[in-house]
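Morning, everyone. Let me put the structure up, and then we'll walk through a few spots.

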Amino acid sequence: MAGRAPFALYVHIPWCRHVCPYCDFNVYAASEPPEAPYVEALATEIAARAAEAAWQGRALRSVYLGGGTPSLLSAESVAKVLGSAARAFGLVPGAEVTIEANPGGLGAERLRGFREAGVTRLSIGAQSFTPAHLRTLGRDHTAADIGAAVAAAREAGLDNLSLDPSSASLAARSRSGRRMSPRRSRSGRLTSRPTR
Ligand code: SF4
């Protein structure tokens, strides 16, 4: 089985502190998710999948903790999930391990914990830097929170960052004078479409 192609693992964490009105993902509102039983269930699921022929002998080239808001989890829980994945499949050298995060309430200490748990990349759900757009989207963070999250990530030693904004498209469409109906696409990117 050795030498089979590595693959990418996506792990869904289906909780957010607040469910945005445009979101069509499988998410539930909770400021304190039931993470212990969920992490245990994930470990069971990962081990079961690893026993399937399709995945045997295949290491992980990337792991993506998405949601939802995976950054609601404690660093200990993130370490348990990543440990389960590493034990089940193994990681190729330099494998990228991403966690999605909401900009609100992200401190350097929390992010350092994620890095120490094995996270190598942070995807910050910025969506927009324009306060009016954030209000339209029903986001529960401010534009200032985004800058603070980036600074905290750098302080924590997480230099591999991505922002998930739609400000350019929203701004461009807004300048055209049309009302916008923001939606989140299956790819995880926020898209916008004009409404009548
Ligand atoms: S858009 Fe993002 S932050 Fe908002 S409810 Fe959906 S997953 Fe959560």
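Is I46 buried or exposed? I46 counts as buried because 20 C-beta neighbours lie inside 10 Å. The cut-offs: buried takes 20 or more other C-beta atoms within 10 Å, exposed 12 or fewer, partly exposed is in between, and C-beta atoms are placed from the backbone.

Ground rules. This is a predicted model: local features need pLDDT of at least 70, side-chain atom pairs count only at pLDDT 80 or more, and totals for chains, interfaces and linings use all residues. Numbering starts from 1 along each chain as its sequence is written.

Back to I46. It is in helix α1, residues 35–50. Helices here are DSSP runs of H or I, at least four residues; strands are runs of E, at least two; both are numbered from the N terminus. Set aside neighbours within four places in sequence, and I46 contacts S84, A85 and A88. Contact means C-beta atoms, placed from the backbone, within 7 Å. V81 is 35 residues away along the chain, yet its C-alpha is 9.0 Å from that of I46.

Next, helix α3, residues 108–117. Its buried residues are L111, F114, R115 and A117. They sit on the same side of α3, because their arc around the axis is only 160 degrees. That arc is taken over directions from the helix axis to the C-beta atoms. In general, an α-helix has 3.6 residues a turn, so residues three or four places apart point the same way. The cover over the buried residues of α3 includes α2 (75–89), β5 (91–101), β6 (121–127) and α5 (143–155). After α3 comes G118, with a positive phi near 120 degrees.

Notes:
Contact = placed C-beta atoms within 7 Å.
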